[in-house]
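Me: I've got a structure here and some labels I'd like to pick apart. Can we go through them one by one?

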Amino acid sequence: MTPTDHRFLRALRRESVDATPIWIMRQAGRYLPEYRATRARAGSFLALAQTPELACEVTLQPLRRFALDAAILFSDILTVPDAMGLGLQFVEGEGPKFARPLRDAAAIRALGVPDPETSLRYVMDAVRLIRHELADRAPLIGFAGSPWTLACYMIEGAGSASFARAKALALQDPALMHHLLDVLARSVATYLAAQAAAGAQALMVFDTWGGLLAGAMFREFSLRWLDQIVAQLRTLAPGLPVILFAKGAHAHLEGLADSGCAALGLDWTIDIAEARARVGERVALQGNLDPAVLAASPDAIRAQARAVLDGFGPHPGHIFNLGHGITPDIDPEHVSVLVDAVHALSRRG
């Protein structure tokens with residue numbers, strides 16, 4: 001099989017496939033015992049992500065177990081702000097924290113675009129190693145966080161249910177927020193282009209917190225910068241498909257589809273048939289099984305997989321995925337059930 005002929009890449013181009021491709025967000029993660037063993041050996045999440053050989057190992061682990069149609073780089077969306085000097089830490093049971101969050105205009109205006117081959121060299125080395133180890137077995141997806149989502153963490157300093165500090169800055173000093181988002185958009189585009197040069201065959205942008213924004217604010221502080229990233233990547237990484245995943249931003253599917261991306265990721269709270277009716281043939285769609293379904297019985301998993309496949313219908317351009325990341329409590333055997341069901345139920349001819 002040639003590197004461009006994998007069903008995942010064909011689906012991104014909305015071409016015919018022999019079966020619907022499937023990969024799973026957070027497919028390299030704590031639900032796998034081999035991942036837990038490798039993480040224990042690394043000593044911490046950051047050490048795991050920043051050691052190319054270990055990042056390669058955990059990226060490949062799910063592909064050894066399951067007939068997945070794509071690998072995704074094992075990393076984190078917060079590598080870019082860490083490279084900007086904010087001091088990323090992961091506190092057990094609490095999630096990510098920054099030692100030096102953005103608390104004033106001077107700190108924001110001091111930020112620059114990191115050089116991916118210096119401050120983020122460990123990511124590029126991981127991409128190169130993973131691509132070499134994968135050969136042509138499956139395509140490799142590179143990824144980054146969206147400018148708005150990164151800004152949320154950088155301003156708040158940690159996770160939050162509302163990211164009120166970021167929203168307040170956007171409302172009180174939109175010019176300063178746009179300055180930050182511009183730096184982040186250029187950083188993300190440069191970072192993704194470097195991943196492409198290192199061997200990534202598709203690129204994904206996670207706008208995890210875009211859905212927190214009301215309509216006009218989403219268009220101004222999230223969609224505008226997603227558009228810029230896609231436009232920059234047309235020049236920096238021509239021909240590589242870009243997937244946008246804006247969690248909770250269903251009201252903006254049409255605007256997201258107009259960005260020029262190849263595909264939209266969908267969370268599980270929108271009907272995939274409705275989403276396809278709204279975007280038509282403009283983009284492929286990725287998703288969107290509720291992650292909680294994997295905790296149900298094998299028969300229920302197969303039934304819900306069929307419902308998603310039937311909802312999309314017999315059209316080109318579907319990549320099966322969960323509507324968000326797989327959770328640590330899931331039995332790996334249930335993932336096997338899902339992967340096999342998607343391929344069997346969607347088999348053409």
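Me: Why is Asp 331 called partly exposed?

Reply: Because its relative accessible area is 38%, and partly exposed covers what lies between buried (under 20%) and exposed (over 50%), with a 1.4 Å probe and protein chains only. Bear in mind that this is a predicted model, where local features need pLDDT of at least 70, side-chain atom pairs count only at pLDDT 80 or more, and totals for chains, interfaces and linings use all residues. Residues are numbered from 1 along each chain as its sequence is written, and side-chain values use heavy atoms, leaving out hydrogens and water.

Me: Where does Asp 331 lie?

Reply: In the loop between strand S9 (318-319) and helix H15 (332-346); helices (H or I, at least four residues) and strands (E, at least two) are DSSP runs, numbered from the N terminus.

Me: What are the angle and axis distance for helix H4 (residues 52-65) packing with helix H7 (residues 121-134)?

Reply: The angle is about 45°, and the axes are 8 Å apart. H4 is therefore oblique to H7, given that under 35 degrees is roughly parallel, over 145 roughly antiparallel, 65 to 115 roughly perpendicular and the rest oblique.

Me: Which residues of H4 and H7 make the contact?

Reply: Among them are Ala 55 and Leu 60 of H4 and Leu 129 and Ile 130 of H7, where contact means heavy atoms within 4.5 Å.

Me: What is Leu 180 in contact with, leaving aside neighbours within four places in sequence?

Reply: Leu 102, Ile 108, Leu 111, Ala 151, Met 154 and Ile 155.

Notes:
Axes are lines fitted to C-alpha atoms, for helices over the stretch in contact, and angles run from 0 to 180 degrees between N-to-C directions.
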